[in-house]
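User: I am new to reading protein models. Can you take me through disulfides and nonpolar cores?

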Amino acid sequence: QVQLVESGGEWVQAGGSLRLSCAATGGTLSNYATGWFRQAPGKEREFVAVIGRGTLYGDSVRGRVYISREKETVYLHMSSLKPEDTAVYYCAARTRSLEVVTTASLFDTWGQGTQVTVSS
């Protein structure tokens with residue numbers, strides 16, 4: 001069974017950069033569409049980016065984030081961070097498809113999340 005583990009979340013000042021990592025065990029990420037979502041307190045889970053047969057980015061982060069995959073790790077490179085980027089960031093995989101989508105319910109495997117806090 002595929003398990004996903006996120007890392008890299010931390011406190012950062014506005015304007016700074018972070019790289020989040022999503023590592024997989026029990027599966028091969030290069031066979032799956034793998035994405036990042038985020039959820040801030042009191043808000044719905046929001047699509048950030050996905051990589052598979054192509055890439056897609058959420059409107060609120062486009063131009064400031066870049067998703068990449070290296071072997072069995074998917075990275076989310078974030079720059080020009082804003083306080084509104086503060087959230088728990090989750091890695092998710094579609095273990096039966098490489099098609100990139102933005103709907104959370106279409107991802108069947110999720111990590112536990114990593115906290116990103118951006119201070120003004």
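Analyst: We will look at the disulfide, then at the cores. Keep in mind that this is a predicted model.

User: How many disulfides does a search of the whole structure find?

Analyst: Start with the cut-off: two cysteine sulfur atoms within 2.5 Å count as a disulfide. The search finds one. C22 and C91 form it, with their sulfur atoms 1.9 Å apart. The angle about the S-S bond is -70°, and the link is left-handed.

User: Which parts does the pair tie together?

Analyst: Look at where each cysteine sits. C22 is in strand 3 (residues 18-25) and C91 is in strand 9 (residues 87-94), so the link joins parts 69 residues apart in sequence.

User: Is C22 buried or exposed?

Analyst: Buried means under 20% relative accessible area. C22 has 0% relative accessibility, so C22 is buried. C91 is also at 0%, so C91 counts as buried.

User: What should I know about cores in general?

Analyst: In soluble globular proteins, nonpolar side chains tend to be buried together. Here, the largest nonpolar core has 28 residues. Those with the most contacts inside it are L4, W36, I67, L76, M78 and Y89. Several strands give two or more residues to this core, including strand 3, strand 7 (65-70) and strand 9.

User: Which residues does I67 touch?

Analyst: Leave out residues up to four places away in sequence. I67 then touches T34, W36, A49, V50, I51, T55, Y57, V74, Y75 and L76.

Technical notes: Residues are numbered from 1 along each chain as its sequence is written. This is a predicted model: local features need pLDDT of at least 70, side-chain atom pairs count only at pLDDT 80 or more; totals for chains, interfaces and linings use all residues. Side-chain values use heavy atoms; hydrogens and water are left out. Helices (H or I, at least four residues) and strands (E, at least two) are DSSP runs, numbered from the N terminus. Buried means under 20% relative accessible area, exposed over 50%, partly exposed in between (1.4 Å probe, protein chains only). A nonpolar core is a set of buried Ala, Val, Leu, Ile, Met, Phe, Trp, Tyr and Cys residues joined through side-chain atoms within 4.5 Å. Contact means heavy atoms within 4.5 Å.
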